[in-house]
Amino acid sequence: MRVQHDIHESFAAKGFSAVDANTAPLESHKSSLLDDTNKAIIRELQKNGRKPYGAIGKVVGLSEAAVRGRVQRLVEAGIIQIVAVTDPIQLGYRRQALIGVNTTGDLDAIAARLRETDGIDYIVAAAGRFDMLLEVFTADDDELLDLVMRIRKIPGVDHTEVFTYLRLIEQRYDFGVR
């Protein structure tokens, strides 16, 4: 399909690498773990990450031990993470923002530097107006300004635009599985 080919070329020109022979078996393994039972387990964990494995087992028709083993394999494969989601405001992070970043050069190298930068919670490569989007949490505007200035000093960062969050309206993690 031409559109997919154009997108692939555009991403390659920006420094993204496509799935290759070295990563394809891993992707195949991950998708083989997503059978209907594991999807049902994931749905239950998305509703309540602390739900006991025995209770999940009753919903999906497995023993507690079988659910535990399946969850462990999903975690080890990197398909799921089980974490505590915090409220940034209550933890003292009063300023939240999305930062659009335009780059020149190798995106992987820039992403590696961004990963090392404290204060950045989320990094994505994007198509459209920005090459990358960063979600950040800081204590206040001064700390946000300091973070933006540190990001701008990274070689290959050409332009940034900051979108300050005024209020978090909704944050969801129950988008399901395909």
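Biologist: In this predicted model, how many bridges join β1 to β4?
Modeller: Look at how the two strands run. β1 and β4 are antiparallel. Within this pair, N102 stands opposite H159 in β4. The number of bridges joining β1 to β4 is seven.

Biologist: Which strands stand at the edges of the sheet?
Modeller: Start with the strand order. The open sheet has four strands, arranged β2-β3-β1-β4 with antiparallel pairing. An edge strand here has a single partner, so one side of it is left without a neighbour in the sheet. That describes β2 (120–125) and β4 (157–164).

Biologist: By how many degrees are neighbouring strands of this sheet turned against each other on average?
Modeller: Direction is ignored for this value. The average turn is 20 degrees.

Biologist: How many residues does the largest nonpolar core have?
Modeller: Nonpolar side chains tend to be buried together in soluble globular proteins. A second, separate core includes A40, L45, V67 and A77. The largest core has 17 residues.

Biologist: Leaving aside neighbours within four places in sequence, which residues does I151 contact?
Modeller: I151 is among the residues with the most contacts inside the largest core. Beyond those sequence neighbours, its contacts are I99, L114, I120, L134, V157 and T160.

How values were computed
Residues are numbered from 1 along each chain as its sequence is written. This is a predicted model: local features need pLDDT of at least 70, side-chain atom pairs count only at pLDDT 80 or more; totals for chains, interfaces and linings use all residues. Side-chain values use heavy atoms; hydrogens and water are left out. A nonpolar core is a set of buried Ala, Val, Leu, Ile, Met, Phe, Trp, Tyr and Cys residues joined through side-chain atoms within 4.5 Å. Buried means under 20% relative accessible area, exposed over 50%, partly exposed in between (1.4 Å probe, protein chains only). Contact means heavy atoms within 4.5 Å. Two strands pair if DSSP finds at least two bridges between them. Axes are lines fitted to C-alpha atoms, for helices over the stretch in contact, and angles run from 0 to 180 degrees between N-to-C directions.
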